[in-house]
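Subject: Structure handover, with notes on aromatic pairs and helix packing

Dear colleague,

I am passing on the structure below, together with some notes on what was found in it. Please read the notes with the model open beside them.

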Amino acid sequence: MKRFLLKLLIFAALLAAADALAGVALKNLRDKGRKPTGELSLSTEIAYKADPEVVILGSSRGQNHYVPSIIGDSLGMKCFNAGEDGCGIMLAYTRYRMLASRLPLKLVVVDIEPNFFIYGDDLTADLAYIRPYYDDFPFIRGLFGEFIPNENYKMLSQSYRYNSQLLHLISETRYPQSEFDGFEPITLPASPILHDLASREEIPSGKVNPQKMELLRRMIEDCRAKGTQVVLAFSPHFGRTDSREFGPVKDMARRYGVPVLDHFADTTYVAHEEYFANPPHMRDYGARIYSSQIGSELKQILRAAPQTSR
């Protein structure tokens with residue numbers, strides 16, 4: 001029995017050593033990634049390198065609809081797009097905290113995607129973009145402990161933090177060193193069945209997820225505490241006639257006095273199929289026109305906002 005236990009201990013020690021070495025190797029790959037819209041390159045840029053005064057947060061509509069160069073030129077500030085396709089409020093909150101921990105942000109624009117920021121039960125879709133930065137940002141431990149039961153135990157494994165990311169990590173190291181601003185344009189033409197697709201879409205509804213709303217509330221509160229202007233935005237969606245699904249966020253914005261830029265059903269955009277690749281997503285052409293208007297509106301908001309010292 002003693003020999004068996006000794007072998008078991010040796011095996012466990014070797015396994016732990018292999019896991020630690022794998023974690024070091026994977027972290028090294030993470031830090032070398034330079035693909036502008038890569039799985040982890042964007043997260044690494046946000047966590048350690050990007051130095052914007054203005055940040056855009058959101059899901060794919062946030063990443064595709066806001067052109068940092070246009071918005072930055074309008075405001076006379078450096079702008080970075082930290083949106084991520086398929087992700088929601090947990091990643092947006094995490095990326096905001098990463099940036100705010102080392103930068104005096106002046107403006108945070110949160111593009112709200114109802115399915116990822118208001119409704120639905122799943123918060124785990126964002127975790128692949130958060131786990132690799134667990135050791136460097138202590139607040140992530142608290143975030144997992146509160147919202148994702150048992151995740152902190154899994155994080156004892158160094159290699160688990162990069163679960164399913166190996167091929168992405170390797171591919172992202174092939175790109176040359178360059179600066180990027182996070183924006184991912186959609187260059188596809190408008191879908192030939194755009195109207196049909198829009199007619200078949202269902203309006204998000206159901207039970208509001210209190211955890212998602214809590215994370216949005218915390219972001220708003222933290223921005224206010226730091227003297228950072230926060231703005232909530234509902235970007236255009238082809239064929240929509242109202243923005244009823246944003247009701248819970250509109251209520252929160254009213255309670256906190258947060259400006260809202262609601263262009264979700266704005267006929268300036270949603271009646272023009274040439275602006276869209278598919279109903280939820282604007283093509284680069286439409287995004288640039290929209291970003292120009294957003295830049296002007298944000299400038300007005302900043303001019304009207306009381307000046308606070310940091």
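The notes below go from the whole chain to its aromatic rings and then to one helix contact.

This is a predicted model, in which local features need pLDDT of at least 70 and side-chain atom pairs count only at pLDDT 80 or more, while totals for chains, interfaces and linings use all residues. Residues are numbered from 1 along each chain as its sequence is written, and side-chain values use heavy atoms, with hydrogens and water left out.

The protein chain has 14 helices and seven strands, taken as DSSP runs numbered from the N terminus (helices H or I, at least four residues; strands E, at least two). Of its 310 residues, 51% are buried, where buried means under 20% relative accessible area, exposed over 50%, and partly exposed in between (1.4 Å probe, protein chains only). Among the contacts in the protein chain with a separation of 6 or more, 82% join residues 24 or more positions apart, a contact being heavy atoms within 4.5 Å.

Searching the whole structure gives 11 aromatic pairs; rings of Phe, Tyr and Trp (its six-membered ring) pair if their centres lie within 6.5 Å, and planes under 30 degrees apart count as stacked, over 60 as edge-to-face and the rest as tilted. Y48 and Y133 make a tilted pair, because their ring centres are 6.0 Å apart and their planes stand at 50°. This pair links distant parts of the chain, with Y48 in helix α2 (residues 41–49) and Y133 in the loop between α6 (114–117) and α7 (139–147), 85 residues apart. Y48 is partly exposed at 29% relative accessibility, whereas Y133 is buried at 0%.

Y269 and Y275 also form a tilted pair, with 6.1 Å from centre to centre and 50° between the planes; Y269 is buried at 1% relative accessibility, and Y275 is buried at 11%.

On the α2 side L42, S43, I46 and A47 meet R95, M98 and L99 of α5.

Kind regards
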